[in-house]
Amino acid sequence: MSEWNIRTKLVHEGSRRSQYGEMAEALYLTQGFAYPDAESAEQRFIKAGDDEFIYARYGNPTTRMFEERIAALEGTEDAFATASGMAAVNGALVSMLRAGDHVVSSRALFGSCLYILEEVLTRYGVKVTFVDGADLDQWRAAVVPGVKAVFFESMSNPTLELVDIAAVSQIAHAVGALVIVDNVFATPIFSRAVEQGADVVIYSSTKHIDGQGKALGGVICGTKDFVRKVAEPYLKHTGAAISPFNAWLHLQGMVTLDLRCRAMADAALRVATALEAEAKVTRVIYPGLASHPQHDLAMAQMGTGGTLVTFEVAGGKEGAFRFMNALEIAKISNNLGDAKSIATHPATTTHQRLPQDQKDKLGITPGLIRFSVGLEDAGDLIADLRRGLAAI
């Protein structure tokens, strides 16, 4: 299986079949498992085998298929699926940190990630230092001996700022720090974070992996030692396990993941290019455009600009709201990576809790729109965006 190409792995990796030989992956909706005898129950609680299960909070055959498939795609030894992307972020960080530990993180993060770093970790005595993720000198200055881990979004939400995974990993590893990457925007199709130096990679499978806005989920990918000896004990005892039904939905989503991500990224480049020519658009942020300050890094690290386009419209918040309310195809929501295109106003939704000075530092202005490009016809999307701009 390791020799298979990505699309083949996305269809077949991790598959398990019952005695009935079903073609589709089986959905095991059970909270517990029966043992043939008391001795087997005792032995399984001492040490469960690779394909033995105890309780759905600990593991499940359907969930295991999903974990093995995403680990194979990401290029890691193992993975643990969680109830949501934020459960994965929290689990990866909290499971490995103790009071007195030091974490260095990029400043440009999703609001819930900031909450965990600013509020949760510090509450329990973990020191957190924030840096400008794109500034390697700041990373070098902050990542000193004794730092336990570095954390960053490989592409930030919502301003699409990239972190040089290889360079930051080299800085972190020089002092023995673990590199934990939230790779949601880059997707497991475009980013090979482990090859570039990351130790632990996190996804909200709610996004591109599910791909159709159906169900929450998350996953932590890493070495078997980290996943099973560090993350799993914390996650299984605190109840962060994914529902087997959600794992099954995300397993089905992976079959078309490569096709969807590539189609969406192609359309995103067309959308971004069209927006650059619009007078009522004051700024377009898309790593696939030559105008993006990190275009070269994006091409080297991902080979594409991704599936999201962020842009600023004239008229501030009022202009942004008029624009969004005039859209007919794109939906107003706060999700991303969906087959349906989604327009989000970060300043009043996903990053609403941030104080204004922090929004200003991150470039989250009142007129900023985050646009997740779906699978609709690119020409239709561009016409829809122009319809919105005409309303400003």
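**Cysteines**

Cys 113 has a relative accessibility of 2% and therefore counts as buried. The model discussed here is predicted.

- The number of disulfides is zero, and Cys 113 takes part in none, the nearest cysteine sulfur being that of Cys 221, 15 Å away.
- Cys 221 is buried as well, with a relative accessible area of 0%.
- The closest cysteine sulfur to that of Cys 221 belongs to Cys 261; because the two lie 14 Å apart, they are too far from each other for a bond, a disulfide requiring sulfur atoms within 2.5 Å.

**Helices H4 and H5**

- Helix H4 (residues 85–96) and helix H5 (residues 111–123) have axes that come within 10 Å and cross at roughly 35 degrees.
- The crossing of H4 and H5 is right-handed.
- On the H4 side, the contact involves Met 86, Val 89, Asn 90, Leu 93 and Val 94.
- H5 contributes Ser 112, Cys 113, Ile 116, Leu 117, Val 120 and Leu 121.
- Among the residues of this contact, nine are nonpolar, two are polar and none is charged.

**Nonpolar cores**

- In soluble globular proteins, nonpolar side chains tend to be buried together.
- The largest nonpolar core has 51 residues, of which Phe 66, Ile 70, Val 104, Trp 139, Val 150 and Phe 152 touch the most other members.
- Helix H3 (residues 61–74) supplies the largest share of this core, namely five residues.
- Beyond its neighbours within four places in sequence, Phe 66 is in contact with several residues, including Ala 81, Ile 209, Val 219, Leu 251 and Met 254.
- A second, separate core consists of 33 residues, among them Leu 114, Leu 117, Val 128 and Val 200.

Key:
Residues are numbered from 1 along each chain as its sequence is written. This is a predicted model: local features need pLDDT of at least 70, side-chain atom pairs count only at pLDDT 80 or more; totals for chains, interfaces and linings use all residues. Side-chain values use heavy atoms; hydrogens and water are left out. A nonpolar core is a set of buried Ala, Val, Leu, Ile, Met, Phe, Trp, Tyr and Cys residues joined through side-chain atoms within 4.5 Å. Buried means under 20% relative accessible area, exposed over 50%, partly exposed in between (1.4 Å probe, protein chains only). Helices (H or I, at least four residues) and strands (E, at least two) are DSSP runs, numbered from the N terminus. Contact means heavy atoms within 4.5 Å. Axes are lines fitted to C-alpha atoms, for helices over the stretch in contact, and angles run from 0 to 180 degrees between N-to-C directions. A crossing is left-handed if the near helix is turned anticlockwise from the far one by less than a right angle, and right-handed if clockwise. Ala, Val, Leu, Ile, Met, Phe, Trp, Tyr, Cys and Pro count as nonpolar, Asp, Glu, Lys and Arg as charged, and the others, Gly among them, as polar.
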